[in-house]
Amino acid sequence: MKIREFESKDGPRVKNLISSIIAREFPELIKIYSIEDINHILECYGGRRETFLVLENEGQIAGTVAVKEEDKNTAFLRRLFVSSSFRRKGYGTSLIENAVKFCKKHNYKQIVFQGNEKMIAALRLCAKQGFKEQEAAVIDNLAILRYTLSL
């Protein structure tokens with residue numbers, strides 16, 4: 001098992017992982033959340049201060065996390081997904097730790113993770129890593145939660 005940067009050959013496997021998790025676990029979100037960025041990962045996460053990481057196990061993509069620059073001081077933690085067969089083994093924590101390390105190296109002052117009330121595991125995982133809930137908004141009867149980590 002290793003965490004590494006996304007390569008173009010990973011595209012179909014990453015798209016399959018993320019879209020299948022959303023369809024299976026969050027079907028009501030398909031209309032709300034665009035997944036267009038996973039069709040163009042290198043373009044969407046290819047900035048100097050951005051990255052898209054994959055968790056690979058014997059050629060299988062088992063998890064993902066991305067860092068997207070918001071501004072000079074703020075990065076967004078995005079696309080935090082782990083295949084159900086690899087959960088509760090510390091891989092989500094490792095993905096977040098690698099993303100935080102990347103953000104520190106690139107001198108961000110804070111990291112923001114936004115999720116909705118249905119993403120309980122991801123929100124708990126971020127909270128365990130020191131992210132603090134900052135605010136919530138309601139869109140289409142769905143609570144959007146904002147967690148931040150100061151670096």
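Hi everyone, and thanks for coming. Some ground rules: residues are numbered from 1 along each chain as its sequence is written, and side-chain values use heavy atoms, with hydrogens and water left out. Since the model is predicted, local features need pLDDT of at least 70 and side-chain atom pairs count only at pLDDT 80 or more, while totals for chains, interfaces and linings use all residues.

Let's begin with the sheet. It is open, has seven strands in the order S1-S2-S3-S4-S5-S7-S6, and its pairing is mixed. Strands here are DSSP runs of E with at least two residues, helices are runs of H or I with at least four, and both are numbered from the N terminus. Two strands pair if DSSP finds at least two bridges between them. At the edges sit strand S1 (2–5) and strand S6 (132–139), each pairing on one side only. From one strand to the next, the twist averages 25°. For that sort of angle, axes are lines fitted to C-alpha atoms, for helices over the stretch in contact, and values run from 0 to 180 degrees between N-to-C directions. S5 and S7 are an antiparallel pair with seven bridges, and Val112 has Thr148 in S7 as its bridge partner.

Now helix H1, residues 11–25, which packs on the sheet and touches S1, S2, S3 and S4. Its direction makes about 90° with that of S3. Contact, by the way, means heavy atoms within 4.5 Å. Which residues of H1 are buried? They are Gly11, Val14, Leu17, Ile18, Ile21 and Ile22. These cover an arc of only 140° around the axis, which puts them on the same side of H1; the arc is taken from the directions from the helix axis to the C-beta atoms. Buried means under 20% relative accessible area, exposed means over 50%, and partly exposed is in between, with a 1.4 Å probe and protein chains only. Pro12 and Asn16 are exposed on the other side of H1. The cover over the buried residues includes helix H2 (41–44), S2, S3 and S4.

On to helix H4, residues 120–128, where Ala122, Leu123, Leu125 and Cys126 are buried. Their arc is only 160° around the axis, so they share the same side of H4. Facing away from that side are the exposed Ala121, Arg124 and Lys128. H4 lies across S4, S5 and S7, at about 155° to S5. Its buried residues also pack against helix H3 (91–105). Just after H4, Gly130 has a positive phi of about 100°.

Finally, two side chains. Arg79 is in strand S4 and is buried, with a relative accessible area of 10%. What does its side chain contact? It makes a polar contact with the side chain of Asp37 at 2.7 Å. A polar contact is a pair of N or O atoms within 3.5 Å; within protein, one must be able to donate a hydrogen and the other to accept it, and residues adjacent in sequence count only if both atoms are side-chain atoms.

Asp71 lies in the loop between S3 and S4, and at 36% relative accessibility it counts as partly exposed. The Asp71 side chain reaches the backbone nitrogen of Thr74 at 2.9 Å, and a polar atom of that side chain lies 2.9 Å from the backbone nitrogen of Asn73.

Thanks, everyone!
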